Amino acid sequence: ELIAVADYLIDLHGGGTVYEIDPLSGYVLHKAADVLEKQRKMARAFNLKTIWGTSDKLNGRTLSVARDYNVPAIYTEFGGGGGFKKGIVKEYIQGCLNVIKMLGMSGGSMAPDRCEYEVEDHRDESGHLQRMLPASCDGFFEAEVSLGEFVKKEQVIGTISNPFIQKSIPVYADADGMVFLLRAVPSVLKGDALGGIIPAKKSGRVTII
């Protein structure tokens, strides 16, 4: 009900205790051109490292409610792994103030543009973090890459060690791109998301059809 009567929506997220996430602002690829353009401007104004436009087909979340009511909306992801991180809170406060200034609701100048990558990813499941890089078995996950690192498809990005069968199983990148999500808790069950890759390029903006 609150979203339905809003003029704009900013939904702030983090990786919780289970994941760590490279800073990004995102939005759904709305079918209404005017709403989509407002969302692009909001995401850029928030001024995080990566901007990620994703599928408009995912339901049951704040952004799908905003989508249905044509409310321009963005969400952000940053940090995680447990604990309070004052620097991330400071970044989020500044990001919200930037959007407020961009919308003409407050005076003052915005911070210099720090966005490095813009991706619009039209694949049906893009943006569904919980389904990314599912564990093939129970065990203990150890990453061999870092947040923000660029990888190639089929590159080994970590291993799952299973002490019961005394075996280490490699985890492969499922796409070329930048690692933006990594599991912070080593223990995993089969099907748990281990990480995520945004199909970004070092050259900047890219569109995935």
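**Salt bridges and their labels**

Modeller: Let's start with Lys57, which forms a salt bridge with Asp56, their closest N and O atoms lying 3.8 Å apart. This is a predicted model, where local features need pLDDT of at least 70, side-chain atom pairs count only at pLDDT 80 or more, and totals for chains, interfaces and linings use all residues. Residues are numbered from 1 along each chain as its sequence is written, and side-chain values use heavy atoms, leaving out hydrogens and water.

Colleague: Why is the contact of Lys57 with Asp56 called a salt bridge?
Modeller: A salt bridge is a side-chain nitrogen of Lys or Arg within 4 Å of a carboxyl oxygen of Asp or Glu; the closest N and O atoms of Lys57 and Asp56 are 3.8 Å apart, so the pair qualifies.

Colleague: What makes Lys57 partly exposed or buried?
Modeller: Buried means under 20% relative accessible area, exposed over 50%, and partly exposed in between (1.4 Å probe, protein chains only). Lys57 has 48% relative accessibility, so it counts as partly exposed. Asp56, at 11%, therefore counts as buried.

Colleague: Which residues join Lys57 in one network through shared partners?
Modeller: Lys31 and Asp56 do, through salt bridges that share partners. Lys31 forms a salt bridge with Asp56, with the closest N and O atoms 2.6 Å apart.

Colleague: Why is Lys31 called exposed?
Modeller: Because its relative accessibility is 70%.

Colleague: Which residue forms a salt bridge with Glu120?
Modeller: Arg40, with the closest N and O atoms 2.8 Å apart. At 5% relative accessibility, Glu120 is buried, while Arg40 at 27% is partly exposed.
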